[in-house]
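Colleague: Could you take me through part of this structure? I have not worked with it before.
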Amino acid sequence: MRTDLHTTTTTTTTTALTTVRNLGILAHVDAGKTTVTERILYATGTTYKRGEVHDGTTVTDFDPQERDRGITIFAAAVSCDWDGHRINLIDTPGHVDFADEVERSLRVLDGAIAVFDAVAGVEPQSESVWRQADRHGVPRIAFVNKLDRPGADLDTAVASIRRRLHPAPLVVQLPIGSEDGFTGVVDLPRMRALVWADGDGRYDEGPVPDALLDEARRRRRALEEAVAELHPAALEEFCAASSLSARTLTAALRDLTRTGEGVVVLCGSAYRNRGIEPLLEAVVAYLPSPLDVPAVRGTHGDAVAERPADPAAPFAALVFKVNSTATGRLTYVRVYSGTLTKGEVVLDVGAPRTERVSRILRVQADRHAEVDRAVAGDIVALVGVKSARAGATLCGPDAPLVLEPPTVAEPVVSVAVEARRGTDTDRLTAALARLVEEDPSLVVRTDRETGQTVLSGMGELHLEVAVEKVRRAHGLEIGVGRPKVTYRETVARGVSGLVYRHVKQDGGAGQFAHVVLDVEPAEGDGFVFRSTVTGGRVPQEYVRAVEAGCRDALAEGPLGGHQVTGLRVTLTDGATHPKDSSELAFRAAGRLGLREALRASVMALLEPVVEVTVTVPDDAVGGVLGDLAARRGRVSGSAARAGTAVVTATVPLAELFGYATRLRSRTQGRGTFTARPTGYAPAPLPAP
């Protein structure tokens with residue numbers, strides 16, 4: 001938080017900021033992003049042995065559950081150095097149940113590498129994380145991985161990127177060899193061949209092979225034309241010289257990447273350590289530094305303020321992850337402005353309370369190196385911050401600012417949990433509270449009817465992992481009920497002119513509020529309130545109270561006590577009493593009046609649905625289609641791919657519990673599936 005830095009120090013640090021890259025690895029599960037991360041650490045000399053997912057020896061998948069399951073569950077931060085640049089890297093989960101981890105990571109990143117499978121192309125979760133990055137405006141480069149696999153095809157993968165993600169893919173490499181014979185790439189901007197002789201990651205550079213020279217020239221020309229269409233300066237040179245120099249092409253690719261108008265596409269095989277060094281060179285050349293992205297915006301009261309990525313500016317940082325370890329609580333932050341030194345006091349604006357930072361750690365997955373200070377652009381972990389949650393803003397006490405927190409998705413699956421031993425109930429309660437503190441997408445509540453403790457999350461696997469984490473970390477024996485999905489209720493046909501009069505007189509000042517409500521369905525899954533009252537019959541402060549009361553009523557619908565969504569409420573008329581009317585009375589009228597209106601409306605039950613992509617052998621398609629139909633699934637497409645069939649269907653989430661076991665049984669273990677949430681759809685009402 002020091003603002004008295006000398007000009008020379010500021011200039012030096014600002015120059016250093018241009019060499020910082022904060023980026024994430026995004027991909028569908030099993031596309032190879034953790035292997036890409038491991039190879040990056042190996043290529044940069046951060047590790048001296050290549051970690052393998054199948055051996056459980058990776059740096060970033062250090063949690064025992066990650067190693068047992070062979071997938072990334074928790075976002076892990078690492079740092080490395082390449083060509084004079086500091087790269088802060090976050091390896092994100094690829095499974096849909098952990099999309100909230102991706103959301104929190106993207107909020108603090110300046111760029112990303114999107115990894116795609118050269119055989120499968122764009123997969124469901126590839127699309128989901130791409131859209132998440134779009135929402136955050138994160139520039140990306142693409143890495144088409146696994147080019148050594150049978151059926152791998154760069155052009156097919158790029159076509160799927162163009163078709164499903166709609167960017168302008170700018171392919172800067174041409175593979176040398178195919179499938180098992182993949183040995184290198186042609187660097188199209190420089191027209192040089194990069195060939196890997198062994199697995200140490202180092203390549204030999206030479207001229208383009210004669211057999212590929214014509215194809216390389218054709219692709220270089222296509223790249224120049226694509227860039228010239230998007231970049232004015234490149235177009236000017238292209239029109240004048242009928243070609244682009246390597247310098248102009250590189251500069252244009254950098255600009256297009258940072259504006260999001262184009263996506264540079266590279267290729268390789270991370271498992272065989274081919275293509276990683278050119279990928280790192282592309283990270284440095286094309287992805288932005290903290291100085292290249294817009295200044296972070298925040299609020300202080302009603303005012304909007306910007307904080308530049310300047311070590312001399314007031315300190316501001318965003319908490320994106322909290323982790324409780326055996327040695328204490330770690331609070332992961334992205335520093336957006338200013339400088340923080342250990343021992344200083346920071347303000348948690350949302351609490352609000354001050355916290356003393358006792359240590360600052362440079363993170364290397366589960367290992368840490370202590371540093372004396374953190375400056376704008378850094379991603380570090382803090383020790384000593386006791387209560388800040390993910391999404392909290394930490395800033396200087398004399399310069400408060402609230403940064404926009406990451407959005408948190410609503411949970412869709414719930415299970416009842418209880419300690420098997422009554423003496424462990426308090427320990428379980430404390431463990432669940434810590435769990436929710438670490439993962440905001442988990443929710444713990446007590447069922448009012450049964451008194452059971454209910455844990456809610458983003459999916460079956462999400463809850464499985466959470467429960468297992470409590471078991472392992474706290475040594476608790478936990479009983480878990482059957483999973484249940486989170487239903488919603490909506491208005492299918494509303495009512496108009498519903499009159500509700502709230503009158504209460506029990507001595508002293510009474511309560512009086514008279515409202516007339518129209519209720520109708522609304523587009524989307526939100527709630528819309530408006531007032532058409534004229535003539536001041538209901539003062540504006542009472543109108544706001546009616547809206548607050550209506551929002552209170554949405555918590556429980558008439559069908560089954562589920563949250564109500566997708567409706568529009570209009571306050572059309574009302575009346576007040578000179579003495580007994582108050583905001584409290586009108587809030588009660590809004591709440592009780594809307595409840596009565598919902599009981600009078602035709603309501604519909606909504607259930608969460610997911611898009612399922614099932615990959616099975618050709619001879620098992622019939623049985624799989626029949627099983628999906630039995631689960632109320634609606635098939636939306638199918639395609640053949642190298643002896644297998646890929647079936648896409650929309651299926652209620654409630655019908656997918658246990659589907660993985662059923663699919664393996666039907667296909668003798670050869671079938672796989674992925675699921676992506678698509679929202680809510682009408683559900684059949686339960687039998688009375």
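Modeller: The crossing of H15 and H16 is right-handed, meaning that the near helix is turned clockwise from the far one by less than a right angle. This is a predicted model, in which local features need pLDDT of at least 70, side-chain atom pairs count only at pLDDT 80 or more, and totals for chains, interfaces and linings use all residues. Residues are numbered from 1 along each chain as its sequence is written, and side-chain values use heavy atoms, with hydrogens and water left out.

Colleague: At what angle do H15 and H16 pack?
Modeller: Helix H15 (residues 621–630) and helix H16 (residues 659–666) pack at about 155°, and their axes, lines fitted to C-alpha atoms over the stretch in contact, are 10 Å apart. Helices (H or I, at least four residues) and strands (E, at least two) are DSSP runs, numbered from the N terminus. H15 and H16 are therefore roughly antiparallel (over 145 degrees).

Colleague: Which residues in H15 meet H16?
Modeller: Gly623, Val624, Asp627 and Leu628 meet Tyr659, Arg662, Leu663 and Arg666 in H16, where contact means heavy atoms within 4.5 Å.

Colleague: Which strand pairs with E5 over six bridges?
Modeller: Strand E4 (residues 111–117) does, in the parallel sense; strands pair if DSSP finds at least two bridges between them. Val144 in E5 is the bridge partner of Phe116.

Colleague: What is the bridge partner of Val144 in E11?
Modeller: That partner is Cys267. E11 (residues 263–267) runs parallel to E5, joined by three bridges.

How values were computed: Axes are lines fitted to C-alpha atoms, for helices over the stretch in contact, and angles run from 0 to 180 degrees between N-to-C directions. Angles under 35 degrees count as roughly parallel, over 145 as roughly antiparallel, 65 to 115 as roughly perpendicular and the rest as oblique.
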